[in-house]
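Let's take a walk through this protein together, one piece at a time. Keep the picture beside you as you read.

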Amino acid sequence: MDNTHTPGPWRTFGRLVWGPDALPGHDSDAVECRELVAEVASHTNARLIAAAPDLLKALTFTLSMAIGHAADARGISPAECEDFGWAKDARAVIAKAKGD
């Protein structure tokens with residue numbers, strides 16, 4: 001199973017989510033794109049999906065920072081912080097996003 005996704009940033013155009021270099025045409029309704037990522041039921045869902053690569057990156061970074069700070073504050077190893085509920089929850093979301 002290929003767990004790689006189209007790299008961000010993703011952009012929306014109505015209910016469509018486009019991969020990198022996707023910009024609505026300036027002179028018409030045409031869209032120049034490299035890859036259509038998704039077509040969804042609403043613009044609201046499209047915006048959420050378009051944010052997914054950035055959200056995954058932010059959660060991964062934030063989890064790393066939170067584990068480091070928690071370990072320092074408690075005088076324990078970062079590995080011990082992995083057992084905290086919030087760390088397990090974040091890891092589960094990251095795994096779900098990556099298809100692990």
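Predicted model: local features only at pLDDT ≥ 70, side-chain atom pairs only at ≥ 80, totals over all residues.

## Before we start

Helices and strands here are DSSP runs, numbered from the N terminus: a helix is H or I with at least four residues, and a strand is E with at least two.

Residues are numbered from 1 along each chain as its sequence is written, and side-chain values use heavy atoms, with hydrogens and water left out.

## The big picture

The protein has four helices and five strands. Read from the N terminus, the elements go β-β-β-β-β-α-α-α-α.

How much of the protein is buried? Buried residues make up 21% of its 100 residues, where buried means under 20% relative accessible area, exposed means over 50%, and partly exposed is in between (1.4 Å probe, protein chains only). The accessible surface comes to about 6,900 Å², and 57% of that belongs to carbon and sulfur atoms. Those areas come from the Shrake-Rupley method with a 1.4 Å probe; for residues, only the protein chains shown count as cover.

Contact means heavy atoms within 4.5 Å. Among contacts in the protein with a separation of 6 or more, 39% are accounted for by residues 24 or more positions apart.

## The sheet

Strands of a sheet pair through backbone hydrogen bonds, either parallel or antiparallel. In this protein, an open sheet of three strands has the order E1-E2-E5, with antiparallel pairing. Its edge strands, strand E1 (11-13) and strand E5 (36-39), each pair on one side only. Neighbouring strands of this sheet are turned by 25° against each other on average, direction ignored.

Two strands count as paired if DSSP finds at least two bridges between them. Strand E2 (residues 16-18) is joined to E5 by three bridges, and the two run antiparallel. Look for Trp18, which stands opposite Leu36 in E5.

Helix H1 (residues 43-50) packs on the sheet and touches E1 and E2; its direction makes about 165° with that of E1. For such angles, axes are lines fitted to C-alpha atoms (for helices, over the stretch in contact), and angles run from 0 to 180 degrees between N-to-C directions.

## Where two helices meet

The axes of H1 and helix H2 (residues 52-74) come within 5 Å and cross at roughly 40°. That makes H1 oblique to H2, because angles under 35 degrees count as roughly parallel, over 145 as roughly antiparallel, 65 to 115 as roughly perpendicular, and the rest as oblique.

Which residues make the contact?

Start with Ile49, which lies in helix H1 and counts as partly exposed at 28% relative accessibility. Not counting residues up to four places away in sequence, Ile49 touches Trp10, Val17 and Val40. Ile49 and Trp10 are 39 residues apart along the chain, yet their C-alpha atoms are separated by 8.3 Å. Next, Glu39 lies in strand E5, and at 53% relative accessibility Glu39 counts as exposed. With residues up to four places away in sequence left out, Glu39 touches Arg15 and Leu16.

Finally, go back to Pro78, which is partly exposed, with a relative accessible area of 46%. Pro78 touches Ile67 and Ala71, again not counting residues up to four places away in sequence. Pro78 and Gly68 are ten residues apart in sequence and 6.1 Å apart in space, C-alpha to C-alpha.
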